[in-house]
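Biologist: I have a model open on my screen and I'd like to learn how to read it. Could you walk me through it?

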Amino acid sequence: MALLRQQVEPGEAGLDAEALRRLDRHFAHHVDEGRLPGFLVAVARGGRVAHLTTYGQRDIAAGLPVEADTLWRIYSMTKPVTSVAALLLMEEGRLDLDDPVGRHLPAFAEPRVYVSGSGANVRTRPAAGPLLIRHLMTHTAGLTFAFYNCHPVDALYRDARLDSAVLPGSDLAETVDVYASLPLQFDPGTQWNYSVATNVLGRVIEVVSGQPLDTFMAERVFRPLGMTDAGFEVSGEQSDRLAELYGGTDDGGITPIPGLPLHGRPRFLSGSGGMAASAYDIHRFMELLRRRGELDGTRLLAPDTVDLMTSNHLPGGVDLRSFGSRPAHDEACNDGLGFGLGVSVVVDPSRTRAPSRTGTYGWSGAATTTFWVDPSRDLTVQFMTQLRPKTSHTVFPDLKRLVHEAVTG
């Protein structure tokens, strides 16, 4: 186990200490008012942590505080890690962005697109072109989530018992085959829709590497980067550090809810949202990206590969608002954000919901966790808590505004 620690004073890193204390007070108020259980926030410049705060409880009933070594379910923050794993295979020539997914997963060889109808009366047509690896990594595949309730294909996912994106009792291979049996919402590459695509990418990694996803990630990503607590399960030794998960209530409060099952190796290995990690792990991952593929003498990816990952891949440089099929993610539905290979990318700061810089990239998770890297200011930020809100909240835009106000140099 390794701990994230503050390494320099804020002023040494071009940060305003009083503005950072204002940030802490803002989120401490959320905790004191019963709207968050607790949180960890870390801000680094040039790779050196200049601000690290923990506040509140990781388990309210047990009276256990948030600490630097607390483990968090990071849900969709798993997606950028899975994307890095796929990029490793691409650099080895074993996978290509323009590979048809059907080359590796035959069930996707002849994708079909929804036309009309519902239930047993659905009409489909052949897709205009193949489903490619790049479509999975950019969420332009035409896949979806069952819980959106916005499109007839969403209902087909529910009919197939994919309410939580996994076929109950099934593993990754079996679940991905069910995805493949359902029609796409649109022709691959023609729209953006946040979806189960990264689970499909995880299965591609398994097939191409010949290893289970958790084994490949541990050997090729976690260990080389020193992400000592990251993984798809929590051991007995780690279990007391895992934060309780909370859900929002109608009156604005919070209550414990069942979380991602992590005790024991899961049957379903979700490259989309299955990981737990510590703040130290997330800092190491951000550092890999900030340093363009190298960390402490270990080069995982070429600089150009990281640049490719963190560039906007939407056609014509458009943003998610104009290319998206629907506002599928609280952060991703913002104007001014494009999408790379597993991360959002700021393309027009004047149109984003909170202050930002062009080229800033990152992603968030369903339990109100987030990270971002701002190359122009050599800045990395993470915020960790465990709350699945009942309605939309302002945690992420507030965090970005408050961090923005703290940067002085």
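We'll go through a sheet, a helix pair, the cores and a few single residues.

Modeller: Before we start, keep in mind that this is a predicted model.

Biologist: Fine. Let's begin with the sheet: in what order do the eight strands come, and how do they pair?

Modeller: The general idea is that strands of a sheet pair through backbone hydrogen bonds, either parallel or antiparallel. Here the sheet is open, and its order reads β3-β2-β1-β16-β15-β14-β13-β12, with antiparallel pairing. At the edges sit β3 (64-65) and β12 (337-339), each pairing on one side only.

Biologist: Can we zoom in on one strand? Which strands are joined to β16 by bridges?

Modeller: On one side, β1 runs antiparallel to β16 and is joined to it by six bridges. Look for Val43, which stands opposite Val381 of β16. Then there's β15 (residues 369-374), also antiparallel, with five bridges to β16 (residues 379-384). In that pairing, Phe371 has Gln382 as its bridge partner, and Asp374 has Leu379.

Biologist: Is β16 covered on one face or on both?

Modeller: On both. Leu379, Val381 and Phe383 point to one side, Thr380, Gln382 and Met384 to the other, and all of them are buried. As for what lies over the sheet, helix α9 (residues 279-290) goes across β1, β2, β14, β15 and β16, at about 150° to β16.

Biologist: Now helices. How do I describe the way α2 and α7 cross?

Modeller: Two packed helices are described by the angle between their axes and the distance between the axes. For α2 (residues 78-91) and α7 (residues 197-209), the axes come within 10 Å and cross at roughly 35°. That crossing is left-handed. From α2, the contact uses Lys79, Thr82, Ser83, Ala85, Ala86 and Leu89, while α7 brings Thr198, Leu201, Gly202, Ile205, Val208 and Ser209. By type, that contact has six nonpolar residues, five polar and one charged.

Biologist: How many residues are in the largest nonpolar core, and which have the most contacts inside it?

Modeller: It has 101 residues, and Phe108, Leu136, Leu143, Tyr179 and Phe222 have the most contacts within it. Helix α2 gives the largest share, eight residues. There's also a second, separate core of 27 residues, with Phe27, Tyr246, Leu387 and Phe396 among them.

Biologist: Last topic, single residues. Is His135 buried or exposed?

Modeller: The relative accessible area of His135 is 9%, so His135 counts as buried, the cut-off being under 20%. You'll find His135 in helix α4 (residues 133-138). Leaving out residues up to four places away in sequence, His135 touches Pro130, Thr140, Ala141, Pro188 and Gly189.

Definitions and conventions: Residues are numbered from 1 along each chain as its sequence is written. This is a predicted model: local features need pLDDT of at least 70, side-chain atom pairs count only at pLDDT 80 or more; totals for chains, interfaces and linings use all residues. Side-chain values use heavy atoms; hydrogens and water are left out. Axes are lines fitted to C-alpha atoms, for helices over the stretch in contact, and angles run from 0 to 180 degrees between N-to-C directions. Helices (H or I, at least four residues) and strands (E, at least two) are DSSP runs, numbered from the N terminus. A crossing is left-handed if the near helix is turned anticlockwise from the far one by less than a right angle, and right-handed if clockwise. Contact means heavy atoms within 4.5 Å. Ala, Val, Leu, Ile, Met, Phe, Trp, Tyr, Cys and Pro count as nonpolar, Asp, Glu, Lys and Arg as charged, and the others, Gly among them, as polar. Two strands pair if DSSP finds at least two bridges between them. Buried means under 20% relative accessible area, exposed over 50%, partly exposed in between (1.4 Å probe, protein chains only). A nonpolar core is a set of buried Ala, Val, Leu, Ile, Met, Phe, Trp, Tyr and Cys residues joined through side-chain atoms within 4.5 Å.
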